[in-house]
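Here are my notes on the model you passed along.

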Amino acid sequence: MGVGGEPLKGHLDMLVLSVLDGGEAHGYRVIEHLRAASGGVFDLPEGTVYPVLHRLERAGYLRSRWAKGAGPKRRVYTLTSRGRRALDGQKESWQAFTRAVSAVIGAS
Amino acid sequence: MSEPGPIAEYLAELDARLHVQGRRRRRILAEVESHLTDAADVATGQGGDRAAAERDAVARFGASPAALAVLFGEGRRPHPRWWAPVAAAAVLAGAAAGVLVYSTSNGPAPRYRATATMVSVFPATSPQPRWMRSAIRDARRLVVARLVLSGQPPSLPSAPGIAIALPRFQPVSVPGLDAAELLRATTVTPSRQGNAIDFTVTTSDAATARRLATAWAATYLSWWRLGEIRKEAQFYRDARRILRFERGLSANERAEYIRMRRVYGRSLERPYELSSYRPAVRAIRIAAA
């Protein structure tokens, strides 16, 4: 079952930062990783990741450069130290939130 | 002359709709082209038809050029232009017509909403007593937001002979947040619990939202107490003055003197402490906004 936009609203930044925490990647790779790591649940249209990447870069959470490989040149993104701190904070908030939800709904 | 392929058509439409300029515009177009060409090359390399491969690449890309242009334009602060209202109307019309705008990319960051409930200092006499309406107006003010962040209350007028226990203000330090932004992020509403007020703060992380909501409720209580103390101190000081100069009072002053003497007469010769209020802040709730 794929999950589109609405359930991910507000959390895509954290997911993208998490993917880039594993090393630099270009947009297509980020989408692929999200799809694979979520077992196909987060199946987003590929184009939606680029505005997110640009916004995170403008916020200072990422930096980017053109990388020339065998195929067409690609813009690759790297997490900055500020981005890593933001990710840590967002993870902490998310975990607190999920713990609270689990406590309320009685999940083990 | 050959027809432009699906990728070229997509890029041309995106180029026409983007409302960012210069290097950023060139970079967006290059990045999208790189992505689409890469995807089509992979399919072509596996033996597919080029036009079909490009159509698939564009389809998987998902966002229409109009939607993508809107998403790339978010967070910008364009200079005001005469056509801005027209463009805004066009974007809204496009959205209404079913343009695919993925809400996943809308929020700049996860948002969390924390609510602190301030319990009334008065007994409940009705679902929404009169004090609450004025308190809600009074609580959501820039001066309170400044107090939440600074913890620096205004000084009280001197009141000789009166020992005043000042309420505490605990500043909340949030780097980069100013009072105006905090005010915008805060709502003050009657609580569903009845004789209480909800202070709700929305920020990008739950812990900060919780701290600010709690601080706002506590700060407003202290701010309210400070106002009461100011009024009582003034009243008490006036009472002492009148007692000291009771000769030569007018009829009205005499009546007031008698009233104050009845109320304060026994304690006027001792220091008077104003510390009787015991308001409470409770019931923090956090939700993803």
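**Notes on the predicted model**

1. Let me start with the cavity lining: H2(B) gives the largest share of the lining of the largest cavity, 4 residues. Helices (H or I, at least four residues) and strands (E, at least two) are DSSP runs here, numbered from the N terminus. H3 and S3 of chain A join H2 of chain B as the elements that give two or more residues to that lining. The lining residues are A:His26, A:Gly27, A:Tyr28, A:Tyr50, A:Arg74, A:Arg75, B:Glu31, B:Ser34, B:His35 and B:Asp38. For the record, a cavity is a set of points on a 1 Å grid over the protein atoms alone where a 1.4 Å probe fits but cannot get out, and lining residues have an atom within 4 Å of a point.

2. Some housekeeping: this is a predicted model, with local features needing pLDDT of at least 70 and side-chain atom pairs counting only at pLDDT 80 or more, while totals for chains, interfaces and linings use all residues. Residues are numbered from 1 along each chain as its sequence is written, chains are lettered from A and ligands numbered from 1 in the order in which they are written, and side-chain values use heavy atoms, leaving out hydrogens and water.

3. How many cavities of 30 Å³ or more does a search of the whole structure find? The search comes back with 1. The largest cavity holds about 70 Å³ of space; volume here is the space filled by probe spheres set on grid points, which are joined across faces, edges and corners.

4. On to the sheet in chain A: it is open, has 3 strands in the order S1-S3-S2, and pairs antiparallel. Two strands count as paired if DSSP finds at least two bridges between them. Strand S1 (25-26) and strand S2 (62-67) are the edges, each pairing on one side only. S1(A) is joined to S3 (residues 74-79) by 2 bridges, and S2(A) to S3(A) by 6. A:Val76 is a handy landmark: A:His26 stands opposite it, and it is also the bridge partner of A:Arg65. A hairpin of 6 residues links S2(A) to S3(A).

5. Look at H4 (residues 49-58) of chain A, which lies across S2 and S3 at about 120° to S2(A). Angles run from 0 to 180 degrees between N-to-C directions, with axes fitted to C-alpha atoms, for helices over the stretch in contact; contact means heavy atoms within 4.5 Å. Because 9 of its 10 residues are buried, H4(A) is largely enclosed by the rest of the structure. Buried means under 20% relative accessible area (1.4 Å probe, protein chains only). Among those buried are A:Tyr50, A:His54, A:Arg55 and A:Glu57. Just after the helix, A:Gly60 has a positive phi of about 90°.

6. Which residues touch the most other members of the largest nonpolar core? They are A:Val16, B:Leu14 and B:Val32, out of 41 residues. A nonpolar core is a set of buried Ala, Val, Leu, Ile, Met, Phe, Trp, Tyr and Cys residues joined through side-chain atoms within 4.5 Å. H2(A) supplies the largest share of this core, 7 residues. Leaving aside residues up to four places away in sequence, B:Val32 touches B:Tyr10, B:Leu11, B:Leu14, B:Phe61 and B:Leu68.

7. Last one: B:Leu226 sits in helix H9 (residues 206-244) of chain B and counts as buried at 3% relative accessibility. Its C-alpha atom is 9.7 Å from that of B:Ser155, 71 residues apart along the chain.

Conventions. Buried means under 20% relative accessible area, exposed over 50%, partly exposed in between (1.4 Å probe, protein chains only). On a 1 Å grid over the protein atoms alone, a cavity is a set of points where a 1.4 Å probe fits but cannot get out, and a pocket is an open set with protein on both sides within 12 Å along at least five of seven lines; lining residues have an atom within 4 Å of a point.
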